[in-house]
Amino acid sequence: MLFVTAEGGLDVAWFFLALSAMLVAAKLLGELAERIGQPPVLGELVAGVLLGGSVLGVVPAHGVPGDLIHVLAQLGVLLLLFEIGLETDLREMFRVGAASLSVAVVGVALPFALGFAYWIWTPHPGAGAGNLTTAAIFVGATLTATSVGITARVLSDLGRMSTTEARIIIGAAVIDDVLGLVILSVVSRVAAGDAVTLPGVLRTFAVAAGFLVAAVVLGRFLVPRLFDVVVRMRVRFVLLVFAIAFALGLSSVAALAGSALIIGSFAAGLILSGTNQFDTIEQEVRPVASVFTPIFFVSVGASVNLRLLDPTSPAARGTLAVAAALTLIAVVGKLAAGWAAPWLRMRRLIVGVGMVPRGEVGLIFADIGRRSGILTDEVFGAVLLVVMVTTFVAPPGLKALFGPASTDA
């Protein structure tokens, strides 16, 4: 392997060359996407497909090199959510809080119910060990969580973060992640053969939601005083360093408390948006995020196996049929969520389209099912196609519905 030395260690030179190719390809294809009127994130995803294992094989997927790419991708999505938190007006978020909650609940419950029913009523040979109901739970779970990172990046690229629709989408996607933690806890216990209890589910939900609320409330009271002291220090870029350290630290605390890394980074952005140094922090964080965030989107694209799209292969036809049905359920379930808050005036189709991308969250659910033997590799491949399609249709869809990029955000 190119990324491994003769002694079995990491070949740093080859790894850095691959990382360089990822960054350059992301920017070049991002530029191409923007020139044809699409958000740059679409080009970054295409760059990942081209550099992934099914085409050029540049992006390492296994071993230590693959783990390092995964860590850098996680850093990229954390910085992206930190940026989104900085750009989010907390008062405006509260104004659409009920709408975000309604959109999130419908956007989780409906795809899960439809996916579960599809698998129960149309049994498939793709189920592995265990009973049909257990497999149906996993299939439904893979369709629930919205990828907040992908949608947030598209909205930011389009300059639409200040719109009502964007605030609802981001709020709903964050709530989706809280609900996703609950579902992940449930499916993990199902995979382990444990009984799922209502108190356990409620406890998981309370930890995830409670952390976000407690962190923002306490942080808004304590952190501005801390950064008033930090800003007096004389070392270079002290605000940038402390801001990123705070985001990473709060992300880690969130994960250790039973919540999610991205919820912690989003909370960190919300907290620092209330400091006197907000403008400087936002300005200095953007260049750093611009380096690491594309790695996340390239890595998502690199997970796509184009061989699964070959209709001439008998093995791929069943996978394509299942993927088509699950994609339809995934899209319809999220589009319907746009009509979940009838009391609020908004462009409902935009909200629905913004909730469509599944990203890496659905793959986590599916991978648990695959590793436990409940789902086969073919079903995992079908879920991968669902993730790919929902990820790729949202950017041009939002672009078409919103119109030309704005500079108001």
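**View 1. Phe15, a buried ring with an aromatic partner.** At 4% relative accessibility in this predicted model, Phe15 counts as buried, because the cut-off for that label is under 20%. Phe15 pairs up with Phe16: the ring centres sit 6.2 Å apart and the planes make an angle of 50°, so the pair is called tilted. It is one of four aromatic pairs in the structure.

**View 2. Arg225 over a ring.** Here Arg225 lies over the face of Phe221, 4.5 Å from the ring centre.

View 3. Arg35 and Glu31 are four residues apart in helix H1 (residues 12-35), so about one helical turn separates them. Arg35 is exposed at 67%, while Glu31 is partly exposed at 37%.

**View 4. Arg347 and Glu165, a link between distant parts of the chain.** This salt bridge brings the closest N and O atoms to 3.3 Å. The partners are 182 residues apart, with Arg347 in the loop between helices H13 and H14 and Glu165 in helix H8. Arg347 is partly exposed at 40%, but Glu165 is buried at 6%.

View 5. Glu282 is buried at 16%, whereas Arg286 is partly exposed at 37%.

**View 6. The largest cavity.** Its volume is about 50 Å³, and its lining includes Leu45, Val300 and Phe392. Helix H16 (residues 377-402) gives the most to that lining, with five residues. Seven lining residues are nonpolar, two are polar and none is charged.

Key. Residues are numbered from 1 along each chain as its sequence is written. This is a predicted model: local features need pLDDT of at least 70, side-chain atom pairs count only at pLDDT 80 or more; totals for chains, interfaces and linings use all residues. Side-chain values use heavy atoms; hydrogens and water are left out. On a 1 Å grid over the protein atoms alone, a cavity is a set of points where a 1.4 Å probe fits but cannot get out, and a pocket is an open set with protein on both sides within 12 Å along at least five of seven lines; lining residues have an atom within 4 Å of a point. Grid points are joined across faces, edges and corners, and a volume is the space filled by probe spheres set on the points. Helices (H or I, at least four residues) and strands (E, at least two) are DSSP runs, numbered from the N terminus. Ala, Val, Leu, Ile, Met, Phe, Trp, Tyr, Cys and Pro count as nonpolar, Asp, Glu, Lys and Arg as charged, and the others, Gly among them, as polar. Rings of Phe, Tyr and Trp (its six-membered ring) pair if their centres lie within 6.5 Å; planes under 30 degrees apart count as stacked, over 60 as edge-to-face and the rest as tilted. Buried means under 20% relative accessible area, exposed over 50%, partly exposed in between (1.4 Å probe, protein chains only). A charge sits over a ring if NZ of Lys or CZ of Arg is within 6 Å of the ring centre and within 35 degrees of the ring normal. A salt bridge is a side-chain nitrogen of Lys or Arg within 4 Å of a carboxyl oxygen of Asp or Glu.
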